Amino acid sequence: MIVSRLESNKENNYKDAAQQDFKELADCFEKLSAAGSLSKRQIKYYGGVISSYQEELKGYTHKD
């Protein structure tokens, strides 16, 4: 759900909202990982998704 919202905001050029969604995604991933709620496969997949978005969203802001 968070990834879908992030993609939608990114596609519609809602930069601040996309950054907020990314932060929410990373926070949720950390919490679920720490709680042991994710399988190794899920950790690998979502870790890759987060790394990809992290690179993609560098400097992605209205402040520039």
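1. The largest nonpolar core has 12 residues: Ile2, Leu6, Ala18, Phe22, Leu25, Phe29, Leu38, Val49, Ile50, Tyr53, Leu57 and Tyr60. A nonpolar core here is a set of buried Ala, Val, Leu, Ile, Met, Phe, Trp, Tyr and Cys residues joined through side-chain atoms within 4.5 Å. Buried stands for under 20% relative accessible area, exposed for over 50%, and partly exposed for what lies in between (1.4 Å probe, protein chains only).

2. A word on the source: this is a predicted model, in which local features need pLDDT of at least 70 and side-chain atom pairs count only at pLDDT 80 or more, while totals for chains, interfaces and linings use all residues. Residues are numbered from 1 along each chain as its sequence is written, and side-chain values use heavy atoms, with hydrogens and water left out.

3. Take a closer look at H2: its 21 residues reach 30 Å from the first C-alpha to the last, close to the 30 Å expected at 1.5 Å a residue (the expected span is 1.5 Å times one less than the number of residues). Its buried residues are Ala18, Asp21, Phe22, Leu25, Ala26 and Phe29. Seen down the helix axis, these fall within an arc of 135 degrees, so they line one face of H2; the arc is taken from the directions from the axis to the C-beta atoms. They pack against H1 and H3, whereas Glu30, Lys31, Ala34 and Ala35 are exposed on the other side.

4. Leaving aside residues up to four places away in sequence, isoleucine 50 touches Phe22, Leu25, Ala26 and Phe29, where contact means heavy atoms within 4.5 Å.

5. Now for two backbone details. Asparagine 13, in the loop between H1 and H2, has a positive phi of about 60 degrees although it is not a glycine. Just after H2, glycine 36 takes a positive phi of about 75 degrees.

6. Finally, a ring and a charge: the charged end of lysine 15 sits over the ring of tyrosine 60, 5.4 Å from its centre. To count, NZ of Lys or CZ of Arg must be within 6 Å of the ring centre and within 35 degrees of the ring normal.

Methods
Helices (H or I, at least four residues) and strands (E, at least two) are DSSP runs, numbered from the N terminus.
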